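Biologist: I would like to go through this model with you. Shall we start with the packing?

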Amino acid sequence: MDAQPSQWTSSGLTSISHIAALSCCLGVALGPPCALAQGAGSTLAEIASYAGPDRIANLVAGARKEGAVNVYTSETVEDVGALSQAFEAKYGIKLNLWRGSSEDILQRAVVEARGGRFDADIFETGATAMESLHRERLLQRVDSPAAADLTLEAIQPHHEWIGTRYNIFVAAYNTRLVAGADLPKSYDDLADAKWKGRLGIEADDSDWFGAVVEALGEERGLKLFRDIVARNGVSVRKGHTLLANLVVSGEVPLAVSSYFYKVAQLKGRGAPIDSLSIAPVVARFEGVGVARRAPHPYAAVLFMEFMLTGAQDILAKRDFFPADIRVKPMPAGLSFLDPAKALDQSQKWSKYYRDIVTHPVH
């Protein structure tokens with residue numbers, strides 16, 4: 001994701017609130033689950049795993065006592081603003097936002113945890129960063145009934161974060177500068193001399209790059225991108241939103257790695273931009289997870305629940321592809337990034353991406 005770091009948008013973080021307690025009634029074996037009541041001794045794990053019929057009611061009651069939820073997100077201002085407004089209107093709970101890139105969020109979370117500071121309730125960012133937070137043991141498993149309505153690709157085996165929506169990587173082009181007949185039909189076409197000085201790419205898309213190269217065949221794919229960069233050059237820009245806006249302005253006639261939703265948003269506003277799918281078409285999930293040391297545990301789990309339910313319609317209306325495919329069907333032919341594999345191979349593909357694309361070694 002490509003948000004720039006910012007400060008909290010509210011008056012500031014609240015101190016760690018009193019965590020409500022679990023008051024469990026005595027019951028017979030195979031009887032109904034005990035009700036979750038607010039008190040002074042319940043744990044986040046108990047709150048996150050509770051599956052009684054009054055689950056949401058208990059989350060709302062506890063969250064309203066806490067009064068706020070602190071979210072570290074890489075979503076754009078306008079998109080997270082729509083989600084924040086809906087959440088606050090529905091539950092009357094303040095959303096405190098800290099925005100940054102996926103890399104910023106991961107770095108901040110790790111540094112804070114090692115310093116014994118736990119401000120975040122929720123992390124909301126790209127799949128690879130979410131998987132890193134899992135491996136750093138900074139996330140809490142949440143067993144949400146809403147997960148049953150999501151596509152299987154959104155669910156991780158450990159259940160410590162869940163995909164809320166997926167970004168589809170597409171090429172984006174300026175409709176005034178690139179004629180339909182000239183559009184590339186494959187990545188091989190980008191090596192044609194007619195694209196010299198006309199291509200752009202996002203600076204941190206090494207995981208997308210790795211997926212594309214593997215699909216093309218590693219040896220062939222690496223050679224092809226070397227040829228594209230050597231012959232035609234590539235303008236490297238940090239941030240998918242920035243890159244899409246440069247396509248609109250004409251500074252970058254064709255961006256090789258763009259997010260479909262951002263192109264669709266700009267096109268819907270009348271901008272001279274459109275998207276083009278070049279096989280293999282790669283998709284990557286954005287996810288949400290509850291911080292293991294969340295200072296507002298009820299509000300944290302409630303916000304995650306909201307992202308997997310009510311937020312799905314909001315995301316679809318803003319041109320995202322939500323994880324609940326009942327809300328918006330999934331396009332055919334997508335190749336989803338495996339976040340665990342992408343993380344395991346991140347050093348390899350980051351080096352190739354740097355040496356071949358962003359800072360080519362000749």
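Biologist: Leaving aside its neighbours within four places in sequence, which residues is phenylalanine 123 in contact with?
Modeller: This is a predicted model. Phe123 is one of the residues that touch the most other members of the largest nonpolar core. Setting aside neighbours within four places in sequence, its contacts are Tyr72, Ile105, Ala109, Met130, Leu133, Leu138, Leu139, Gly287, Val288, Gly289 and Ala291.

Biologist: Is α7 roughly parallel or roughly antiparallel to α13?
Modeller: Helix α7 covers residues 218-232 and α13 covers 346-358. Their axes lie 9 Å apart, at an angle of about 30°. Angles under 35 degrees count as roughly parallel. So α7 is to α13 roughly parallel.

Biologist: How many nonpolar residues are in the contact of α7 with α13?
Modeller: From α7 come Glu218, Leu222, Phe225, Arg226 and Val229; α13 brings Lys348, Trp349, Tyr352, Ile356 and Val357. By class, three are charged and none polar, and the nonpolar count is seven.

Biologist: What covers the buried residues of α7?
Modeller: The buried residues are Gly221, Leu222, Leu224, Phe225, Asp227, Ile228, Val229 and Asn232. Their cover includes β6 (199-202), α6 (206-216) and α13.

Biologist: How far apart are the end C-alpha atoms of α7?
Modeller: At 1.5 Å a residue, its 15 residues should span 21 Å. The model agrees, with the end C-alpha atoms apart by 21 Å.

How values were computed. Residues are numbered from 1 along each chain as its sequence is written. This is a predicted model: local features need pLDDT of at least 70, side-chain atom pairs count only at pLDDT 80 or more; totals for chains, interfaces and linings use all residues. Side-chain values use heavy atoms; hydrogens and water are left out. Axes are lines fitted to C-alpha atoms, for helices over the stretch in contact, and angles run from 0 to 180 degrees between N-to-C directions. Helices (H or I, at least four residues) and strands (E, at least two) are DSSP runs, numbered from the N terminus. Angles under 35 degrees count as roughly parallel, over 145 as roughly antiparallel, 65 to 115 as roughly perpendicular and the rest as oblique. Contact means heavy atoms within 4.5 Å. Ala, Val, Leu, Ile, Met, Phe, Trp, Tyr, Cys and Pro count as nonpolar, Asp, Glu, Lys and Arg as charged, and the others, Gly among them, as polar. A nonpolar core is a set of buried Ala, Val, Leu, Ile, Met, Phe, Trp, Tyr and Cys residues joined through side-chain atoms within 4.5 Å. Buried means under 20% relative accessible area, exposed over 50%, partly exposed in between (1.4 Å probe, protein chains only). The expected span of a helix is 1.5 Å times one less than its number of residues.
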